[in-house]
Amino acid sequence: MRTCITVLSLLVCAGVIPRMVHAQQPVNVAPNAPVDHPVSMDSCIIAAVNRAVAPLIARAKATYPDAKARFLRGLPPKHSFFVITRLHDSLGRFEQVFVAVDSIRADATRRQVIVGRIWSPIHLVTGYQLKQRYIFPEADLVDWLIARPDGSEEGNLVGNFMDTWQPPATCRP
């Protein structure tokens, strides 16, 4: 038993155990939090959305390091950190989803990755499911969101914009 404890202590000190085990963070979403509204899009609308949200994605990426640092220091009780990314499938389709963040770390190539769980119902892409563990490079981040226990949000620039955005007349039938 003592040998087992010594080996476990060495593994923890060497950082082996933290790389192997990723504790799930509790996810808290207030009952009165804004509801996501999935939207189907054709290629014209996708192109228009991509043009419209490009500056918002750039702003979200610019403000992400501060949100990440706050998450790593520890958010207040019942606050949850989400990031938004796009899932792609073998048919070339994509779907934008929330990922509940469990950890952010360097992978074997030393690039920063986000480890979490898909927190959106999947409507279009195949090969993914709600609450599935998902790891992706920080570079693929679209937006971020801190959900507060009172139902308010911080971040979610793209989502808030999409709640009021209308496709251009050139995309309407």
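1. Let's start in a loop: Arg110 is found between E2 and E3. This residue has a positive phi of about 75°, although it is not a glycine. Most residues other than glycine have a negative phi, which is a reason to stop here. Is Arg110 buried or exposed? With 74% relative accessibility, over the 50% cut-off, Arg110 counts as exposed. Do keep in mind that this is a predicted model.

2. Lys78 counts as exposed because its relative accessibility is 54%.

3. Now for the overall layout. The protein has four helices and six strands. Going along the sequence, the pattern reads α-α-α-β-β-β-β-β-β-α. If you look at contacts between residues at least 6 apart in sequence, 57% of them join residues at least 24 apart.

4. Of the protein's 173 residues, 34% count as buried. The protein exposes about 10600 Å², with carbon and sulfur atoms supplying 59% of that area.

5. In soluble globular proteins, nonpolar side chains tend to be buried together. Which members of the largest nonpolar core touch the most other members? Out of its 20 residues, they are Tyr64, Phe81, Val83, Val101, Ile104, Ile114 and Trp144. At least two residues of this core come from each of helix H3 (43-73) and strands E1 (80-88), E2 (94-106), E3 (112-118), E4 (133-137) and E5 (143-147).

6. Leaving aside residues up to four places away in sequence, Ile104 touches Tyr64, Lys68, Phe71, Leu72, Phe81, Gln112, Val113, Ile114 and Glu138. There's also a second, separate core of 16 residues, with Ile45, Ala48, Leu145 and Cys171 among them.

7. Last, a pocket. What lines it? The lining of this pocket has 15 residues, and Gln25, Pro26, Phe71, Leu75 and His79 lie nearest the pocket's centre. Phe71 is also one of the residues that Ile104 touches. E1 and E2 each supply at least two residues of the pocket lining. Sorted by class, that lining comes to nine nonpolar, five polar and one charged residues.

Definitions and conventions:
Residues numbered from 1 in each chain as written. Predicted model: local features only at pLDDT ≥ 70, side-chain atom pairs only at ≥ 80, totals over all residues. Heavy atoms only, no water. Core = buried A, V, L, I, M, F, W, Y, C linked by side-chain atoms within 4.5 Å. Buried < 20%, exposed > 50% of the residue type's maximum accessible area, 1.4 Å probe, protein only. Contact = heavy atoms within 4.5 Å. 1 Å grid on protein atoms, 1.4 Å probe; cavity = no way out; pocket = protein on both sides within 12 Å on 5 of 7 lines; lining within 4 Å. Nonpolar A, V, L, I, M, F, W, Y, C, P; charged D, E, K, R; others polar. Areas by Shrake-Rupley, 256 points an atom, 1.4 Å probe, with all protein chains shown as cover.
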